[in-house]
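Subject: Structure for you to look through

Dear colleague,

I am handing over the structure below, and I would be glad if you opened it before reading on. After it you will find my notes on what turned up.

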Amino acid sequence: MQAPWFPRWLAFLRTRLAFISLSIIALVLLGLLWAAMLLQSQRDQALSLLESRSHWLNIARTFKEHAENTFNDADQALRLVKYQFERGRSHDLSVLNEYLSHELPDKHYYNQIGIIDERGYYASSNLSVKQLTPVDLSDREHFRVHRDGPRSHLFVSRPVMGRISQKWSIQVTQRLSHPDGRFAGVSVISIDPDYFVRFHRGIDLGVQGVSALIGLDGYPRTLTQGDGHANQDSLFVNQALALPPEVLHQERGSFLSDQLFDGVLRLYAYEHLKDAPLVMLTGMARSEALEEFQARNLTYFQFGAVIS
């Protein structure tokens, strides 16, 4: 026997059937709408990161080409010094000074050019500063790397305080040789690190953006951070970075990391320089790279909340 309440319940359902059906359809549509918005949000985020990756790869290439041109100019000047020394066994830089008088290379980026003899003493410089006592540079890496090994190609040092110029400098060097191949010293050009920094600051890197010219040994040669730059004796410049393996083995690429510099999660792009063990690294905070996406995303979800 049916319970007395059953007919009344059935009658209630019949009167409310249209409302219940429409409610179920509305809930299903709202579910589909939110699922579509979440899916679109994920796609937009991936697209924003992809666009940022392409943008930063282009910036890394621009900075890399600028660095390559700078080091190529330095190499030409050093080769002239090397040729003059090895041909005439002379420390006379008159030919070089004539070369420099025609703005070759551009005088704006170097602090000095000179020769270190085989004992490690600074033998000559294009600067007019007179040294009362010989300046011993035998402890410097850019001298030892040529003295202690058969290194014939260009070497680019970490920033050091120049003992002649009294300025922070990246030392770019070439080996000098005696006629029998023995080590005869080093030709050196001292480049101002701020020359690269000034160029990099010409492009908006963002509040937490970075650009760095880094050796494959992990040590930065230059570092630009946001609107300013690190001092050459700062922690970030004087400690080796734990670069991801792909940076060391792939010529060009990108990656996400919060393990470099100050722990900020950034999207990094990099490209290796030709003929030098250096890599140009640029990075933008992930939060800054996704600012436009987050603004669009907020609009989507506000619209969804109103519809709901």
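Accessible areas here come from the Shrake-Rupley method with a 1.4 Å probe, and for residues only the protein chains shown count as cover. By that method the chain exposes about 16,700 Å², of which carbon and sulfur atoms supply 56%.

Please keep in mind that this is a predicted model, in which local features need pLDDT of at least 70 and side-chain atom pairs count only at pLDDT 80 or more, while totals for chains, interfaces and linings use all residues. Residues are numbered from 1 along each chain as its sequence is written, and side-chain values use heavy atoms, with hydrogens and water left out.

The pLDDT is the predictor's confidence in each residue, from 0 to 100; its mean over the chain is 79, and 74% of the residues reach 70 or more. The chain has eight helices and twelve strands, where helices (H or I, at least four residues) and strands (E, at least two) are DSSP runs numbered from the N terminus. Confidence is lowest in strand S9 (residues 228–229), at a mean of 56, and highest in strand S11 (residues 266–272), at 93.

Of the 308 residues in the chain, 44% are buried, a word that means under 20% relative accessible area, with exposed being over 50% and partly exposed in between (1.4 Å probe, protein chains only).

Next come the charged side chains. A salt bridge is a side-chain nitrogen of Lys or Arg within 4 Å of a carboxyl oxygen of Asp or Glu, and a search of the whole structure finds twelve of them. In one, Asp217 pairs with Arg221, the closest N and O atoms being 2.9 Å apart; Asp217 is partly exposed at 36% relative accessible area, whereas Arg221 is buried at 4%. Asp262 and Arg266 also meet in a salt bridge, at 2.9 Å from N to O, and here Asp262 is partly exposed at 38% while Arg266 is buried at 2%. There is also a network of salt bridges, which links Arg61, Lys64, Glu68, Arg252 and Glu271.

Finally, Leu22, Ile24, Ile25, Val28, Leu29 and Leu32 make a nonpolar surface patch of about 600 Å². Patches are made of residues with over 30% relative accessible area and no salt bridge, like charges being joined within 9 Å and nonpolar side chains (Val, Leu, Ile, Met, Phe, Trp, Tyr) within 5 Å. Ile25 lies in helix H1 (residues 5–88) and is partly exposed, at 47%.

With best wishes
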